[in-house]
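User: I am new to this structure. Please take me through one part of it closely, step by step.

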Amino acid sequence: MLDPKVEETIQAKYEQLAPYLNETGRRIWAAVEALSLGHGGVTSVCRATGLSRTTIHGGIDELESTETAAYALEEYGAVRRKGGGRKPVTESDSTVLEDLEQLIDPATRGDPESSLRWSTKSTTQLAQELQAKGHQVSQRTVCRLLWEMGYSLQSNRKTQEGKSHIDRDAQFEQISQSVKQFQQRHQPVISVDAKKKELIGNYKQTGVEWEPKGEPTLVKTHDFVDKQLGKVIPYGLYDLSLNQGWVSVGIDHDTAQLAVATIEQWWEQMGQAAYPSATELLITADCGGSNNYRTRLWKWELQQLATKLGLSLHVAHFPPGTSKWNKIEHRLFAQITRNWRGRPLVSREVVVNLIANTTTTTGLNVKAALDEGCYPTGIEITDEQFDSIHLEKDDFHGEWNYKILPQAI
């Protein structure tokens, strides 16, 4: 039996060397140590380093192979032979990512403008559900896939935003089911919302971009509104099925008229060609702003649009305080924010061009146009006008879920 002090020496050397060694280096070094100790060397190195006997014997085989030595000289720095190692699960199982996304999608929460998202389901639970679907994955594999998808398992967080509604989760499921049903019938599904107003001029934008060293873009110190250039109001629309977006850059007010005008422009420029046989349109929106579920003008304008287009407009609102769950937030607006990071929005043209040139590796296609229309505030819809709207409310929270049918002209 070898002296215990020998193993302590090997352990000390390994602890110092390990941070500087890759997989091949650790294997070869362990093999050299084992061979230098003679009989029982593999066992001692195994105990001292925690490396498996298989790994150490593999290193010994490589040391004794002239082919391996020639390969090491030719491909210095490579961790393993080309094609070696276990294949990624995504190569052998093409649907695992799609099923994982469906499992975590209803439970996703976080700041949609951030690259970090997180799931309320544990990786163990997700692995079990994927296994039930026929996927051969472990908890560690799920953890790696989530990390690659931009997720991270976090500790408990407060998730109530404002007053939490008792039927919040039920409404999420309602929206999810409605979206699936529309997509199965090949009917369009869109997510709408207004992005935050942006100052036009040489003002600082958050984020950084590459510039010549020591030559940052100089911008104004204070963000006072330029009376001539003013602000812009990007009102956006995201097509959940086709991964496409439309943004109308308004210059007046963020009202229900701007919101519905944006939907009409999208239909004329993109939607009609994409869905030539459509008879329905599902609109998902939050509960506040210009598309507020309590705003009469919003429903009145939708009635005019439904009649003009000949479409039944179905509307599903996210519960109060949950606007960040709306798909447009992280699938369109977050991408636009990244695209113009560190770029002063010096003109309306710059805003439109930056939005229209927003792309992602998943194939996002965005079009944008300046909307110079006048959208005054304070427009009131009378009881008589409101009662004339062909409005049908859903049995479940009719204030959130309803449809507006075309009227005979």
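Analyst: Start with a term. A helix axis here is a line fitted to C-alpha atoms over the stretch in contact, and angles between axes run from 0 to 180 degrees, taken between N-to-C directions. Note also that this is a predicted model.

Now the helix pair. Two packed helices are described by the angle between their axes and the distance between the axes. Helix 3 covers residues 41–49, and helix 4 covers residues 53–64. Their axes come within 9 Å. They cross at roughly 125°. Angles of 65 to 115 degrees count as roughly perpendicular and those over 145 as roughly antiparallel. Helix 3 and helix 4 are therefore oblique to each other. Their crossing is right-handed.

Which residues meet there? Helix 3 brings Val-42, Thr-43, Val-45 and Cys-46. Helix 4 brings Arg-53, Ile-56, His-57 and Ile-60. By type, the residues of this contact divide into 5 nonpolar, 2 polar and 1 charged.

Tyr-402 lies in strand 11, which spans residues 401–404. Buried means under 20% relative accessible area. Tyr-402 has 4% relative accessibility, so Tyr-402 counts as buried.

Its surroundings come next. Leaving aside residues up to four places away in sequence, Tyr-402 touches several residues, among them Leu-313, Val-315 and Lys-393. Leu-391 is also touched. Leu-391 sits 11 residues from Tyr-402 along the chain, and their C-alpha atoms are separated by 7.0 Å.

The Tyr-402 side chain also makes polar contacts. One is with the side chain of Trp-298, at 3.0 Å. Another is with the side chain of His-317, at 2.8 Å.

Terms used:
Residues numbered from 1 in each chain as written. Predicted model: local features only at pLDDT ≥ 70, side-chain atom pairs only at ≥ 80, totals over all residues. Heavy atoms only, no water. Helix = DSSP H or I, 4+ residues; strand = E, 2+ residues; numbered from the N terminus. Parallel < 35°, antiparallel > 145°, perpendicular 65-115°, else oblique. Left-handed = near helix turned anticlockwise from the far one by under 90°. Contact = heavy atoms within 4.5 Å. Nonpolar A, V, L, I, M, F, W, Y, C, P; charged D, E, K, R; others polar. Buried < 20%, exposed > 50% of the residue type's maximum accessible area, 1.4 Å probe, protein only. Polar contact = N/O pair within 3.5 Å; in protein donor to acceptor, adjacent residues only side chain to side chain.
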